[in-house]
Amino acid sequence: AGFKRIRFVFVMGLEGTGHHLLSKVVRQSPTTQVLRNIRVHPADTEELSLLFFNEKQRRIGLFSSMCLKGMRSLEGKEVNMNENVDLAQNRQSIVAKLQEIVRKGQSAPDDTMLNIPINTWGVRFVGEMSYPNYGGNFCQNLMYPNIDLFYDACGAAGVECNHVYLYRDPREVLYSTTVKRKFQPSVLDAIHGYTSLLDIMYAQLSAYSDRTLGCMNFFADEGSVANDFKVVQGLFGWPENVS
């Protein structure tokens, strides 16, 4: 059989930095068509996303379960303490699914490079796994991905994984998330929350700097955006001469 390389890609970034835009692009990509042809997408890709984050059943999502165990509401009441959170089982479910997708990927055409995104499918109850992800609850700013756990699962599965980072002018993020879409109760709350999350992402990006495939700003000047989309094209299967 010819060369096949299968890699899982996590998209990091504050909410409001372009996850939904990238999702629309990826879903129209040649990579997604290959995943459909080998019957990995949508069933396996959606199941994998839900194993990382599940707003409906938080306890079974590796990231979403962080807002269950031992948390208290603003009124001091314990929240969902009857939920059984088994992080080891959550991790093992992801490990098994990653390995299953790699096995199915062997049926892809020869000389294929498949970069399979974790969090750009627009799956219901998953969101885009931005920092933070979902809202409307007291621990919203704890609902963010942890790529330590992502890379731990990848290592246990013996699969290749990387990430990309989305960024945007902070004022544009505040307008998009807080003024326009009311994700945060006020601009001041948003500044405090996003500053903390940027610090967390900085630590995570620094720890895994060698795994970064690119840093993208889809809302910058035209030349910069064009260069960033070339990175996207290269990752998700478009020929170099596509514009």
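View 1. Accessible areas come from the Shrake-Rupley method with a 1.4 Å probe, and for residues only the protein chains shown count as cover. This is a predicted model, in which local features need pLDDT of at least 70 and side-chain atom pairs count only at pLDDT 80 or more, while totals for chains, interfaces and linings use all residues. Residues are numbered from 1 along each chain as its sequence is written, and side-chain values use heavy atoms, with hydrogens and water left out.

**View 2. The fold has 8 helices and 4 strands.** Along the sequence, the order is β-α-α-α-α-β-α-β-α-α-β-α. Helices (H or I, at least four residues) and strands (E, at least two) are DSSP runs, numbered from the N terminus.

**View 3. Mean pLDDT is 89 for the protein.** pLDDT is the predictor's confidence in each residue, from 0 to 100. A value of 70 or more is reached by 89% of the residues. Among the elements, β3 has the highest mean pLDDT, 98. Helix α8 (residues 222-235) has the lowest, 90.

**View 4. F8, F52 and F150 have the most contacts inside the largest nonpolar core.** This core has 60 residues. A nonpolar core is a set of buried Ala, Val, Leu, Ile, Met, Phe, Trp, Tyr and Cys residues joined through side-chain atoms within 4.5 Å. Buried means under 20% relative accessible area, exposed over 50%, and partly exposed in between (1.4 Å probe, protein chains only). Of the 243 residues of the protein, 47% count as buried. In soluble globular proteins, nonpolar side chains tend to be buried together. Leaving aside neighbours within four places in sequence, F8 is in contact with residues including L48, L98, I101, F150 and E160.

**View 5. E160 forms salt bridges with R5 and R7.** A salt bridge is a side-chain nitrogen of Lys or Arg within 4 Å of a carboxyl oxygen of Asp or Glu. The closest N and O atoms of E160 and R5 are 2.4 Å apart. E160 lies in strand β3 (residues 160-166) and R5 in strand β1 (residues 4-12), so the pair ties together parts 155 residues apart in sequence. E160 is partly exposed, at 28% relative accessible area. R5 is also partly exposed, at 32%. For E160 and R7, the closest N and O atoms are 3.8 Å apart. This pair, too, links strands β3 and β1, with its residues 153 apart. R7 is buried, with a relative accessible area of 10%.

**View 6. E55 and R58 form a salt bridge, and both are buried.** Their closest N and O atoms are 3.0 Å apart. Elsewhere, D44, E47, K97, E100 and K104 are linked in a salt-bridge network. The protein has 11 salt bridges by this rule.

**View 7. Y175, V179, V187 and I191 form a nonpolar surface patch.** Together they have about 340 Å² of accessible area. Patches are made of residues with over 30% relative accessible area and no salt bridge; like charges are joined within 9 Å, nonpolar side chains (Val, Leu, Ile, Met, Phe, Trp, Tyr) within 5 Å. Helices α6 (170-180) and α7 (187-207) each supply at least two of the patch residues. Y175 is found in α6.

Conventions
Contact means heavy atoms within 4.5 Å.
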